[in-house]
Each structure stands twice: as C-alpha cells, then as structure tokens.
Amino acid sequence: MARWGMVIDLDRCTACGACVAACHQENNLAAVGPEEATRHSRAFHWLRLLPEASGAHADVRMRYFPQPCFHCDNPPCVRVCPVGATYLGEEGIVGQIYPRCIGCRYCMAACPFNAKVFNWYDPEWPGDLERKANPDVSLRPKGVVEKCTFCHHRINRAREEARAKGRKLRDGDITPACAESCPARAIEFGDLEDPRSRVSALAHSSRAFRLHDDLGTKPKVYYLTERSEHGEDSRQRGA
Amino acid sequence: MQGKSEPGWIWALQVVSVALIWAFVLGIGIWVINLLLLSHRLKDVPSASVGISIVAIPVFLTGAGVLTYVFVGLRRGRKPDSKDTSK
Amino acid sequence: MLLRRREFMKMLGVTAATAGLGACGRNWLVSDRMVQLALRGPGLEREVQTVCGLCEGGCGLTVKLVDDIPVGIKGNPRHPLNRGGICPVGQAGLEVLYAPERLRGPMRRDDGGTLRPAPWEEVLEQIAARLSEVHSGGEPQRFAMLIDAPGRLFYELAERFTQVLGSGSIANPFEAETLPYMLTQGTETVPGFDLAHADLVLSFGLDLFEDGHAPIHAIAATVGTRTTEERVLLLHASSRRSPTASKAAQHVNIRPGTHGALALGMAHVLVREGRYDRRFVAEHTLGFDEWTDDAGQQRLGFRRLLLENYYPDRVAQICGCEPSHVIGFARRFADASAPVAMAGGEAVWGANATWNVIAIHALNALVGAFDRAGGVLLPPPIPFTPLEPVPRTGREELPSVFTSDAAVFASDPIEALAGDGSTTPPVDVLFIVNTNPVYASPAGARLRAALERIPTVVAFAPFADETASVADFILPTNVFLESWHESTTPPSVSVQVLGLAPPVVEPLFDTRHAGDVLLDLAARIGEPAASTLPWRDYPDYLKHRVQGLEKAGQGTVISGSFEESWVRFLEERGWWFLANSGFDKFWEDLVRQAGWWNPAGPRGDVSQLFGTESGRYEFYSRALEKRLVELGTRRGRGQAPLQGAITELGLAASADEVCLPHYEPPAETGAGELSLQLFRPMTARGPLGCVSPMVLEMFGYYTFSGWETWVELSEETAHELDFHDGDHVALESERGSIECVVRIHPGAQPGVAHVPLGLGHRALNEICTGIGSNPTDVVVPARDPLAGTPSLTSTRVQAHLVRRREHGGPPPMHGGH
Amino acid sequence: MKAAYIIVIVILIAVAGGVSVALIAQSAEQPIPFNHKLHIEEAGMECTDCHLYAVDGVRATIPNLDICGECHAEPLTESAHEARVAEYVREGVPIPWRKVYWVPEHVYFSHRRHTAVAEIACETCHGIVGERSDPLTRPLVRLDMDACMKCHKETGASNDCVACHM
Amino acid sequence: MKSDSSASPVAHGSAADEFQDTDLLRSIEEAGIRFRVTATLVFLVILGGWVLFRRQILHGLGVTGLNQPVAWGFYIVNFVFFIGISHAGTLISAILRLSQAEWRRPITRMAEVITVIVLAIGGFHPVLDLGRPERMMNIFTVGRLQSPLLWDVTSISAYFMASTVYLFIPMIPDIALLRDRGVRPRWLYAFLAWGWQGTPRQHQVLEKAISIMMILVIPIAVSVHTVISYIFAMTLQPGWHSTIFGPYFVVGAIFSGIAALLVVMIVLRRIFRLDRYLKDVHFDPLAKLLLLMSLLWFYFTFSEYLTAFFGQEPSELRVFFHKFSGPYAPHYWGMVACNFLIPVLILSFRRSRRIPGILIASIAVVIGMWLERLNIVVPSLANPRLPYPTGFYIPSLVEWGMFAGGIGTFILGFVVFGRFFPLISIWEIQEGREKAIKETLERTQSYLPSVSASSS
C-alpha cells in the first residue's frame, strides 16, 4: 500500500499564505468572525503558518513554516480517542470520521502539534457563500473535531480516475490543495514508501528534518532546512 | 423488631431488582469483551484494554455476588416462625 | 435546464430534514442547514481557464465547476506569469462573487439625497443626456474620468470615449511610478525586470514576495520555476523586517526613505573599485565623466559626484547601518553574473521617491544590466489593432481638468480634484471607474467633499464603497468571473502577456461590464461617439483589437505544451510558431486558454531601450534639466535658472548635482516620536480583497492577527512607551487617529511604526466595514516635487495606550524559545 | 398500586407510537405513480436511459423534464397520470419526485466507481426495481454501512474509513 | 429544642428494649417545611444549570469560555474535582473499619453517602463536556478500551457500583428499624430492608459481606484516581506527561475527600444537632489525618515541580513559568496557600484544632484542591510546543452555572438522603455501645484479682 507523506522546502517557502488560503477554500472551512477570532481566539485553519524566530538581538531571523497535520505513524491522538473517530488508515492517513466523533476533544489535548481544530459553533457562511462549497468535502456540524486530511478526497478521486483508465497511481497524480497553489513549489506530496517518488528522495536528503521527531510520534511531514546564502546547508534543526 | 410480613409484590420487586443488578453486571462484562473483540478485528493493538477487562469484570462480578449473597443470606436467616407468605 | 442549486437544496432540505427526523431523530441535534449538500446533479466536473481581475498582477486562474456551479479557484499551471501559483486574495474570488452585499442593479440619488434602485434604461438615458449637454457646451473638458483598469484595452476604450466627447481629462489615480524611468531611460512605461533569469536581485524597499505589481510572478520566477541550487540570491534593504526580508540572503535595516543614499553608497564602491561595466558606461551612458555642455561650461560628472560625496561612512551614517553592509552589498552585486536592482514599496511611497528610484536605477546602468537576460528589458507594447484617430473637434488644446502646475512634470489627479476641500472642482460630469480614491488616497476626506459639489458623479463599482456612496449614480459592474475581461503586461514584468477571458458564469445580478456601459452610452449620445465607438459590445471590441495581434504573428497562445525556451529556440530559427490558421481558430484558442504571451527577451540592440534625446542612459538627465530651467526662468527670482528652480522646489542638491542621481532627505511632517511607515501585506492585494471573510480572518496570518490592523514595533520602542504585545494603541497625527494592536516584531527598527494598508473601510460590505483602521486617514502627505504624487511614508505620529491586552493572546514574536 | 401499572402501560404505548410514526415518515409519497416494470419490459428501456449519469457520474440523478419530455411530450396512453406528466412537461415545472435512496452525511459514493469500474449491476444495491410496477416509497434493499462494508470485504475493496468518509 | 433526654448515649442497660437515639431520626421525622424549602431552593439552582446546558446543546460549545489551544476547562476540572472528593467515603470508612477504629462509627455512613452522590455528579461531567452529547452511546457501541477515557468509564462505574453496595449493605438494619417504626412511605423501607429481622444469622451474613466489600473497595478507589490522572499523564503534553501523576492524584483525592467529609460533618452536626454523636474525639483524629495528607500533598507537588524546573526542558519551563510567574500565578500561589499554609498553621496546634479551625482548614483545602485541578489542566493546554499564541481561558456564565448546578446536586442528594435514611448508622452506634461496655468490663476484670478459680 502507499504511505502518503509531504515534504515542505523551507528554503523555497516565501510565507505568502497561498497554502493557508487554498486549504481554507478546498475544505469548506468557514471564517468565525471578528468576535470569535480575536476575543476568543477560535479562528481555525487546518494548515497554519508558524513564525519562528532565531538568532540574537539585532540580526534576528524570522522563519515561517507551514504546519499541516503531520499524519504521524505513531499518532498520540489515535491512541487516546475513545470512539476511534480518529484512526490511522491503511495508507498512513490519520482520518477524522465526523459522524463518529463525539466531540470530547481528547485528541486536541493529546496532539503535541495542536494540529486539530474544533467547531465551537455551527459554521456560518454569509448569504450565498454556501453555494460555493466544494462538494467533495462534507460540511461539518458543530461539536466535531476536524483536521488536515492530506486532501484524501483528492486521493480517492485520483485513484478512481486511474482505475477508470486502467492504470496504477503514478507519483504526481495527487497534489493536495496547498501544494497545488504554492507559487514557490515548496510543498511536495507523494508516497514515502515508493523509492522512485520525489517525496521519498527529498525526505532522505541531507537537509530533511522533522519537527519534534524526538517525541517518537514519527511524523510524515518533512521540512528541508534553509540553505545559508553561501550555499551550504544551514543545519537549523527544528525548534 | 418483628416486621409485618411484606406483601408478595415487594418480594417480587426485590427479586427483579437483584436480577436487574445481575443484568447490569453481565452487560458490562459483555460490553468489555465485545470491545476487546472489536479491537482485535480492527487489528487495533489492545495494549492496556486487556488489563482493564481482566480487572473490571471480576470486580463487577464480586459486587453482584456479594449482593446476592446478602440477599439470599437475609432470606435464609429469617426467623422460622414468621408468617411470610412466600417460601 | 440549469436548476439553480439553491432551489434544489431548499426543496431537498425539506425532504431530507423530514427523512432525518423520520429516522427516529438520531441526529436531532443537526440543524437542517447542515444537511449534506447532496446535489441532484451528476457531479460532472469541468475546468475553465480565466484571468484574475482582483489586482493588477494578471495571474492566470483555473476555475473548477461542478454542474456549472464554480466551486474552486486555483492557479493555471501553464500561465507564464504565475505558473500555477495563486495568492490568498485570488482564491477568495468566489467569496467576492457570492458576497451578499453586491449591488443588484443601478442606483440613483433621488432629490431627497438617498440612493434608490433604478432601471438601467432610465439611468443611461439621463447620463447620456448630461454627457451630450457637456459635449455641446463650451467646455467639453469638464467631463472627466478617473479609471483604474488592469488592461490597456479597456483604458484605451475609455480614453477614446472621453476624447470623442472632446475632453482630455482622463487619469489613473494609482498609476505606477514612471517618471524616474522617463527621466533616465526616456520610456513611457516602467521597464520590465527579467526575474526569471536574474541570479541576484537587489530590492530597495520592495518586499518582492508580498508587494509590488505582480508578487506571485516574482515568487514563481525567482523561486517557483528554479531548482534549489539556482534559486535567486535576494539582497533586501528596507526599514521593515518583513517575511521577504527574513527570506533574503541578507537584509539591511535602513532608516525610512534613505534607500537612494544606500544605492549611491554602493555605486561609490563599484566606481572606486572599478567593478562597473566600463564598456557599457562608455558607449551607452551620458554624464558619467566630466563633460562640457553646448554652452562651453565644464559640468560635474557622476563619477566625481559619487567619489566625493557618497563614501560608505557618510552613507552608513545617513542610513543608520554599518559601512561594511554598504561595501558587502556592492561587492556581491558586482560579483553576480546577472544582477538587477529594483525599487518599490516604501522606496516609491516617500516624498523623495523619484530621486530614490533614479539613484537605484543608476546601479543597473553601472553594471550594464540593460537588454540582457536577467537584467532590465523593455517589452514592446502588445501589437493590437491600432484605433484610427478620433475626428478633430478643434477643441483638443483645452487643458485636462487634472493638470495643475503643482508639480514639475505630472500632477496627482485626486489632488487636482480635491483642491483644499472647499473649492468646487471645474467638472460637470465625473466618471469613477473601478477605483475607490476616497478610501485609498490620503486626500480622501477632501476628495469626498469635492465630489459632493460636482453636479453629476457616476461610479462604476460592484459594491457601494466609500466613493460610490457619494456618487449620484452607481452603475454596478461585474466581478471578473461574470464578464469578459482582460489584463495586459503588469508594470515591471519583462514578459509580454495578455490575459483575456470570457465569463465563467452568467452574472448573478443585473450587472454589466463598464466597457459595455460606455459603448451603450456612446450609442445613445449619437453622432460623434456612435461612429468612433462602433462596436456592439465589449467582447466585439476585444475581438476587433485582437485581430492585430493575430496578424502580427508574434508570441503564442498559452498552451503549455512548449516550454518558454523552446518557443524562443523555434523563433530564432525562423519557425513561426503560430501556424496562421485564421483568426477564428486563433480567437477560439486564445479565449479557451485565456491568455497570449511572448517571451520577449533582449532585443539585441541596447539603444532601442533608451528613448532619450541622446539615445543613451542619461545619468545627467537632459529632460529634467530642460524642465527645471523652464521652471527657474518662469519663477526664479533673478537667480540662475537651475538655482531658481532648486530654491522654488526646496531641494537640498546644488545646481551641479540636481540633474545627476543624488540623495534628497525624506520629508517629515507632524511632530510625533514614531515615524509611521505603511506596507501592503499579501492579503491586502487589490481593492476587493477584504470583501472575503477568509481574507479578513487570515489578514495578519504570519502575526496571528486577523480582523484587525496591527502596528509592528521593536522591543526597545515598545519598552520605552510601555506597550505590551496585544495592547490596543492609538496612533495620532494632526489629521486624525487610528487604533491598532501592538505586535512586538523582532528585528523591527526602533522609533518606526509599521502599519499595514488594506483595512478600515467605512463602506464596502457589511463584513469588512469597521474592521481594523485605514492608516491613510492619519497620513499628512508631503508632495513629491517632481511627480506630484502624495507621499504615504512621511508622517510622524504620537502613540498612546487605549486599553491593555485583555487576556492571553499571541506570544511575543520571539516564539518564547 | 394499579396506578403504577397504568402509568407503565401508557409510556409503552407512547414509545411504540413514536417509532411507528418515524417508520411511516420514512416512506415518502411520490407525486406520480411511476411504473418501472412497464418502462423496462414493454418499452424495453435500460436504467441508464433515464438515469443518464449512472455510469459516468458521481450521482446517477433522477431524470429531469427533458428526458421524460422526449417521449411524453404528448400523452401516449389514456392513463390520467401520464397526462399529468405531459402537463408537467408543458409547463416546464420539474416533477417533485421524492428521493428514496440516500447517501448519508459525510459519505462520498461515486456511481461511476461502482458501475463502470467495478461492474456492479444496479440490482445489487437498488433491488429488482424492474419488477416493481407500483411507485417506490421505501428503499427495496436496506443500504446501511454494514451492507457496504460486507460487500467491500467480499470483493476485497478497501474498508479503510477514509475510502468512503469525506 | 435541645434534646431533653438526659440519658447520655453510653447509658447502661441493653439497647434492645429501650431506644434512645431519637436524635438520629430527627432528619427523617421532622423533615417538614425546612426540607421542602431547601430542596426546592437547591432544585432551582440545578434547574438553572439545566437551562444553561440546553443553551449549550442548541448553540454548541462556543457558549463556554473554551477556545483553540485550551480545549478543556471547567467541565474536566470539575470532573476530576468531584471524583476526587469521592475518595472521602469508601476509602476512609473502609480503612477505619478495617483498622477497627471505634471513632469511625458515626462517620462511615456520611462518608459513603458523599462518595455515591459525588461519583454520580462527577461521572456525568464528561457528558457535559461532549461536543455532541447525543452521540455519547458511541462509547458503548464502538468504544476503544485502549483510550484512557474508556479506562475511566469502566473504573468509575466499578467504583460507583462498589460504593453503592458498600453504602447499602450497612444500611439494611437501619432501614429495617425505620420499617418497623412505620415511617412513611412504608413500602420503600420494606422493599429495601430485604426482610431484615436482626437474627444473629443475618447479622453474621451482614458482617461477612461488609468485610468483603471493605477489602474490595480500597484497591478500586485507589485505581479510580490513578486512572483519572492517566487521562493527563498518557498524553505528551508538558506538565502532564509525568510518572508521579498517579500517586499525586490519589493523595490529592484523599486529601480533598477528608476535607469535604469534615465540612459535611460539621455542617450536618450544626443542622441536625448531632453534637452528642460527633464529638471532638471524632474530629481530632480526622484533623490530624488532614494535616498528614496536607504535608504528603505538598511533598508530591514539590517533587513534581522541582523535576519540571530542574530538567530545564523548554516546553516544560514555559508551562512552569506560566504557573509560577505568568497569568496563572494567583491560582498557583492561592492553591499552595489553601492546601498547605492554612491547614498546617491551623491544624498543627491543639488550641486551634477546634471545630471552627477545622472548618476553616477543610474549606480552604476543598478550594485549594479545586485550584490544583485548574492549575494542572489549563496551563499545559495554554502553552503549545510549537510557537502558537499562548492560550487563555475565561470560564463563561454557562460553565459557572453548571458548576453551581453540580454543587446544588450534591446538596440536594444529601438533603434527600437525609430525608429518607438516617445520616448516622444507628445499629453501629448501638453495637459499639454494647461492645464498648463488654470490652471495658472484660478489661477491668483482667486488672482485678481473679474472683473465681474457674474464670480462666
């Protein structure tokens, strides 16, 4: 089977926010409004752009890294879910099954990367905006936890197209919404187990590192360090 | 304290309550075992759940056992001359 | 038989709800609105190419439709500008299209002063009557038009419309800064910077990856289409530690407005160490060495000016950086094989903008980066069918309403209209097309007062924004997805590109494209206009203009089957890539792919790039000298003409150096202790971005602040003023005050307050009204003496606390590690 | 003590009533009694003649007016119901069929994936509609998760939750 | 009306024929107006709680103060707090019975009642916390026993069942007494008394059952609170993922349990004038136990925070300073004061270890232990590992309403129990009296020279 993973090249990423917007539109996320976002800090995105500062006072350098769900192979959230609403699929996707989730938010408390978000209210779209919902992704009701799904509806669609054409899935058939919209082509997605795929090549490159991989959760999103201006790898490990 | 003999239906209600307790306890036992089988079927590593079931089920059984023991004990320990309608 | 999806859902919603309840209410909690959007349609998908109309970047988009209902927008991977990339505002296109507050039909102000809906016919008749009245009257130029059109075709149609009515008063209030390039290179437009082949980009004030005319093109060209090894080396000099600055190989934090000084400092190092392109300077520039003018006098050369005045220590002292930075930047700039220097953002928003850009562009000349892959190119204009000249009516010489002698070369149309806020502008009928100057310009308040005194103001806008709410007529225009629209080569882009796209969906409401309205008005006005604007509707006009493009046979429709280098390779060997298979086939291909482009590389002959009298790049700008002498003789109080002009304009330069690239200190207005600098984040692109709730929610996505305007302060400044991260503060100048949230930004410059543009609307749509604040309300504009454009970065503000951070909130940006 | 018995009985009746109401509500009433048997046997039509996208679309769709209009623009037989169809077609008002088969919430089911790729006959999931002359008021085959998973297990299709849940 | 019966409880003569413990039945026989007034008042508080909960069901959890990083708040804090108090009952009464401490006799029933009521309230709190309460049955249909939440469900229901049995069995003789005295509603007592007639054989069965339950309840009680701490300890969050959480929560539970028991004893003694049964000899040992637990609790807290601080791990330090000097400093130092300073100061001197002193100390401990749960749950969630904004949590009206509803239910439970059953176990008091007399007789005889050669 495949083992879907992602590589985000921090050297190419220019923090333009296209991935955050693409994920928002593709998965029918709703804006929560000024009151909820600022006073209650309940603005939710499945993919967030995290600012991280490094360096001393005057020449401090900000580094921005897009953070989707890492779809860990040993996910702390799946271990604690009381009803198996979040589970590790056959192909490495940590799914979130909305009809089964009881909203206890234990997985949100357990995830060390805060990758999960919660519908505190029923999502609201002003006026006709609801018409534009992407039919491949269902609208979640209030009281349910949700997370980045590596756009698994695109995986299903791509597999269906491939089967309809009678061929196997090829590397590059599937691009999640964030990878597709990135002007700097910083996000690669593919099958980590397939040695010929671009993703596994990048994942084994010398610049690859994973955030907090000392926690043993075995995340499947690799980051590539920034190259210092003189060309050699600057070994800035994750925070 | 010579209690008047209880009417028949109270005795029936008592037996029903004990039966209900046993139903509850067995229900929990079946539920735990069912979840164990489910996790086995889904190839979801059982880990601590086996430990829990090994501890929880006997606890419930002893609880119900003690209750029945008291219920039967009190029943049998009654004074022989009481004009109780049942038995 | 397109049953509107809305009706399906309502009907379906009822049945599903009963069915849902019927299933003994397992989900009794689920409100019926959350019932799955089960389409009755088969779910057939198709994709349509189009061009983004939300900003001037001209990115190519692919819209995914399911059963003819658009459900997603993504970048068109084959489009040469953005190569599949797309910015957050572009992806919010559907939220702009479906915004509930969109105007449903024309509005007219009744005598009671309130705007009431009115039918199209009636409104157009009234406007046509007013226009012909002005046209037949004595002063046709009293009909003026303010227009901001991403495409040159639409601008030319509007220009033709005003000319046929005898008026020359047409202007784009927010036009790109072309004066410095006209003075040095003699070009009418901003030259193109070939980012796709440059190996080093030196940007002054321009956050390449967030701001500028086409940021997504910049990212795609410098990073997207490159392998990691050959990624461009970015050197950045600005007063703000923006994400682009953190991305740059090296960033120098300089005082606001001193970009020109840094450029001259670098030029000094290049000249002193002889690292400049001697051949190019000798053959293609003027004024580098001492030269004698036709009056026989010995004139100061650029070389000696640099060597004497701009040594690194003085420049470092001016800019507030280290001399080693100046030297380091200069050496790396010289060592690169294809360097290019660009100016933008805060460098072009100051009062000394023109001088800054002249100094920065001089660097390109010193390394001979003209007409060279990766350098400065001049893409020829796209060969549309030329329009025959408008029949003469004998009154063309009347000056346009917008000209005023406020500035040497051009003048700011909004300033000309607004005046001092009390005079009535000399305009009878004013068209304001697709622009919102009352919100965007610092002179917005005065302009608003002036508009109220103009008898007829017609606003073309999809929303009732600040400007439209003052107008007498509002003609609702389509959002770009609903109509034919086009966009031509954005400024500073080196590739010739035309985006032309048919509507993706029929208009949701009774709205029309502004081009159709102009043609309709021309038909109604009758004889002079009807014949010179003969086209039935806007697509017909586009088709007529594009025929020239097909005859010229250059470039190719965006087909993506060939890579750009392939097209170049074929053309050089005489293969005309475009098999001339007739105009209809060409038109059908163009419309389906929504774009045409021509990878116009270097022309092979450098002199073609220079439109100056001398045919060379003029360090010593003859055009500037002529105009200053003219101004000096007219106004000079007995002094030498040049010196007279200098004292008139209040410049710091001496007579010798005024026409050479030199440093003019930035003007400062107001007495506050913080220097207010503005910037435009990626989420503030284009006027309609903040209509979308998503864009508002992720407005400050990299500082965790949404739905609010923030001010970036350094730790020392915040400590001095006793502000904490998350406090609400008010920034005050004599014009007013705005409220922002403090974000302590590591690496921010002490004493400088950076505030993003884009929010603070008072009327656009319900979601964004009253959200955040508009920094242009507090800007006290100083005037750029040459170009006349108002400066946005010259105000000093006073800051005081409004209320403390209520609770938790974002961490200090050092991430707490 | 009799009061206690009465109360219990009343509660039981109320619960039973509620459940039955629920079951009835599920069986929806069709506006026009459509006779599948007549169309398939006498008219010799296929499922996909009316349900056009059963093979190449995500949803098979209930036929719209144009499809009915092809034959029924003018009444072919004397039956009153068929006359009403022609009336619908003339007025252009879509016939308000009651949907009987539901794809539950948060589930992605593509007809094409099952009919075209996996070559599954319509009857397996929809029951032998061909033999039904009376209009459909309730799904003939009870389609719930267990049915789908059982079939997926037998045919070796993946039972991974994200295969169907979206 | 002060009890007029002059006979002191340790009167001589066999207790069988003459019944003096009328005080204990006061709560049943004189229920009258005061019971109805308090019951309705408390019921109104609970009703208010339910109205707020209805608002939460209709609108969603947005009405609470919870937000993106701080996903858990009042409901989980109150869940741990109420289950913590449940340790008062079974654990203390079980241990005291096991150790034959005579001063336990009037305390055991009150303790067991606290346990049962508080377990019911605590056990219900996670349901209040669910985003989709109507899907609660998913836990039973498609549950995963591997999740600590499910361990909790099983262990709490086991503990609830064990403690109800442990409450019911010792009550049988008292219920029979009430049945024989013809207290209304008669059928209830007849049903519950299971035909108790006080025959020696029945006594023997009862004693045997109580001894079995005593032994069974202690391990379950300890397991319940370790499993509740596992909810937090099993995650990787800084400040939660530590090995000391098991014993730390058990100590905390016993600590808050004793405090709650003391409060309830003092309050009931005051209301039902039971000062002849709850004397200093009962309060003093419990107060000393509370003092011991306070020291033990401080020891565990000190060692947990020292290991966090000394380890200097960045994410741990962020949580540590969030509590020590950050926004949660008042809660943290309030907790230390309430749990350690006040109890130790008051209870270590005999002079202040009087009933008013004990009341102040135990109320402080109850509040302190609630703050401790708040200090554990919220700061760890508010400081994510990745550079997210620091979270904050301000409970909303709904959450305070539900908390008040929880306390209201506790009070209502006690009032209703007090209305139907005696709060102090009458037969144990009488048994104690006889045993005491017999023992003292034997002991005094063993001192005196032996009267007759026959008495060996």
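Residue C:A347 touches C:F204, C:G205, C:H259, C:A353 and C:N356, not counting residues up to four places away in sequence. Contact here means heavy atoms within 4.5 Å. The model is predicted, local features need pLDDT of at least 70, side-chain atom pairs count only at pLDDT 80 or more, and totals for chains, interfaces and linings use all residues. Residues are numbered from 1 along each chain as its sequence is written, chains are lettered from A and ligands numbered from 1 in the order in which they are written, and side-chain values use heavy atoms, with hydrogens and water left out.

C:A347 sits in the loop between β15 (339-343) and α14 (353-366) of chain C. Helices (H or I, at least four residues) and strands (E, at least two) are DSSP runs, numbered from the N terminus. The relative accessibility of C:A347 is 0%, so this residue counts as buried. Buried means under 20% relative accessible area, exposed means over 50%, and partly exposed lies in between (1.4 Å probe, protein chains only). C:D520 is 173 residues from C:A347 in sequence. Their C-alpha atoms are 42 Å apart in space.

A second residue of chain C, C:R83, occupies the loop between β3 (69-75) and α2 (88-91). Its phi is near 45°, a positive value in a residue other than glycine. C:R83 is buried, at 16% relative accessibility.

E:W194 also has a positive phi, of about 50°, although it is not a glycine. This tryptophan lies in the loop between α8 (186-193) and α9 (200-233) of chain E. E:W194 is buried, with a relative accessible area of 5%.

Chain E also contains E:Q146, placed in the loop between α6 (138-141) and α7 (148-181). Its relative accessible area is 6%, and E:Q146 is therefore buried.

In chain A, A:C178 belongs to helix α6 (residues 177-181). A:C178 is buried, with a relative accessible area of 6%. Beyond its neighbours within four places in sequence, A:C178 is in contact with A:M6, A:C19, A:A22, A:L47 and A:I187. One of these, A:A22, is 156 residues from A:C178 along the chain. The C-alpha atoms of A:C178 and A:A22 are separated by 5.6 Å.
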